[in-house]
Amino acid sequence: MTHLSLGVRRKGFTLVELLVVIAIIGTLVGLLLPAVQSARESARRSQCTNNLKQIGLALQNHHDTNQMFPQSVGWGPDYGGAYYFSDKVYLLPFVEQMGIVKNLNPKDGGSWSKDNNGGVWGGLNATALSGRIPAFNCPSNPNTMNGGQANHTYSINNGTSWSQHTTGGGVYQGERDGRVRSNGIASYRNFEKTYGASPVTMGQITDGTSKTAAYSEFIVEAWNGNITNDPKLWKSQVYSWADAGTCTADTRNNCLAQTGLNASDGGRVMRGGGWSWSMAATGSAYSHTMMLNEKSCQTTDSDWWGTNVLSASSAHTGGVNVVRADGSVAFYTDGVANQVWWALGTRSGGEAVSDDN
């Protein structure tokens, strides 16, 4: 009897088929990754917007409670003490950070000091102010400093360097008179007695609260070397001191011409390093002198007085989020007109601000 043997045919990929499959998978991954990254950035940008909405609401609540926007202390307070608090310290009760507020202790057994921001902040435990607060940090920010501890990416609007932006000789009441240099929402409490720097109130925003910036975002500073002509590095670096010139446009051009980094001139990388300190170099305030995502420079005269030439910047594509004095948040594009951006920075400059951002 003859037995027939049935052979089993093995199935599998040929080398050519395998290479085709790998190529197809690679193409699909290449198409998918940008979409995933875009979705993630969209979620981060949404969270960034929500953070600014929370800050805007906190500003409104602070004003309702204290009839003023929060003041910064500047370099050194009149009343003495070791810490120089930013406006963010006074926003803590309004951004659901009462846990930090409750842990603030008088320094070295000293007594509390009452201030006109509606709190008792005389000598505080610095340890309680060293933590990272999510509401003060945009998740799109690419840089960290000191491991991210106490980092912040939002700052209050200090205004523009001059009230007249394209012609010389403009003097804004309270802007370049004596040592007071803010025509935005920021104000500095330790200059109040000496230089008349009164707190900013809703009534002082005569340009309209929906036409005046309150806070914007920025990218934490990072040392990238003394590469001065690469616009891609502008967002992460602070350049040296810029001359004030005779108008806002002059100041901007003088900053754009800077070729030396602040840190290379004996300074330190500081912008975004600590949310509780109101020193200009830490980025507690930004100005509308520079356009969006342009160079940032040190102040035109003295960082003791809160002045700076620090631009608003972000890792978002094409622009920056801003919360206005009425609490509304808008995305301003890199192509916004100079006059619109400068006008948005002043609270009572009398400029016409269009809705084209």
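# Briefing on a predicted protein model

Leaving aside neighbours within four places in sequence, S296 is in contact with Q237, V238, Y239, C255, R271, V309, L310 and S311. The model is predicted. Its protein has seven helices and seven strands, and 51% of its 357 residues count as buried.

**Around S296**

- S296 belongs to strand β5, which covers residues 296-298.
- With a relative accessible area of 2%, S296 is buried, because the cut-off for buried is under 20%.
- A polar contact of 3.2 Å joins the side chain of S296 to the side chain of R271.
- R271 is also one of the residues in the contact list of S296, along with Y239 and C255.

**Overall layout**

- Read from the N terminus, the order of elements is α-α-α-β-α-β-α-β-α-β-β-β-β-α.
- Among contacts in the protein with a separation of 6 or more, 67% are between residues 24 or more positions apart.

**Nonpolar cores**

- In soluble globular proteins, nonpolar side chains tend to be buried together.
- The largest nonpolar core here has 33 residues, and I55, I185 and Y215 are those with the most contacts inside it.
- Two or more residues of this core come from each of α1 (15-66), α2 (87-91), α3, β1 and β2 (213-217).
- Helix α1 gives the largest share of this core, five residues.
- Not counting residues up to four places away in sequence, Y215 touches L52, I55, L59, D87, K88, L91, Y154, S155, I156, Y286, V322 and V323.
- Another core, of 16 residues, lies apart from the largest one, and A249, L292, V340 and W341 are among its members.

**The salt bridge**

- The structure holds one salt bridge.
- This salt bridge is between the side chains of E294 and R252, at 2.6 Å from N to O.
- E294 is in the loop between β4 and β5 while R252 is in helix α6, so the pair ties together parts that are 42 residues apart in sequence.
- E294 counts as buried at 12% relative accessibility, and R252 is buried as well, with a relative accessible area of 16%.

**Aromatic rings**

- A pair of aromatic rings is described by the distance of the centres and the angle of the planes.
- The count of aromatic pairs comes to two.
- One of these pairs is F136 with W275, whose ring centres are 5.7 Å apart.
- The planes of F136 and W275 stand at 55°, so the pair is tilted; over 60 degrees would count as edge-to-face and under 30 as stacked.
- F136 lies in the loop between α3 (98-102) and β1 (154-157), and W275 in the loop between α6 (248-256) and β4 (285-286).
- The pair of F136 and W275 links distant parts of the chain, 139 residues apart.
- Both residues of this pair are buried: F136 has a relative accessible area of 1%, and W275 has one of 0%.

**Charges over rings**

- The charged end of R45 is placed over the ring of F331, 3.7 Å from the ring centre.
- The charged end of K295 is placed over the ring of Y239, 4.6 Å from the ring centre.

Note on methods:
Residues are numbered from 1 along each chain as its sequence is written. This is a predicted model: local features need pLDDT of at least 70, side-chain atom pairs count only at pLDDT 80 or more; totals for chains, interfaces and linings use all residues. Side-chain values use heavy atoms; hydrogens and water are left out. Rings of Phe, Tyr and Trp (its six-membered ring) pair if their centres lie within 6.5 Å; planes under 30 degrees apart count as stacked, over 60 as edge-to-face and the rest as tilted. Helices (H or I, at least four residues) and strands (E, at least two) are DSSP runs, numbered from the N terminus. Buried means under 20% relative accessible area, exposed over 50%, partly exposed in between (1.4 Å probe, protein chains only). A charge sits over a ring if NZ of Lys or CZ of Arg is within 6 Å of the ring centre and within 35 degrees of the ring normal. A polar contact is a pair of N or O atoms within 3.5 Å; within protein, one must be able to donate a hydrogen and the other to accept it, and residues adjacent in sequence count only if both atoms are side-chain atoms. Contact means heavy atoms within 4.5 Å. A nonpolar core is a set of buried Ala, Val, Leu, Ile, Met, Phe, Trp, Tyr and Cys residues joined through side-chain atoms within 4.5 Å. A salt bridge is a side-chain nitrogen of Lys or Arg within 4 Å of a carboxyl oxygen of Asp or Glu.
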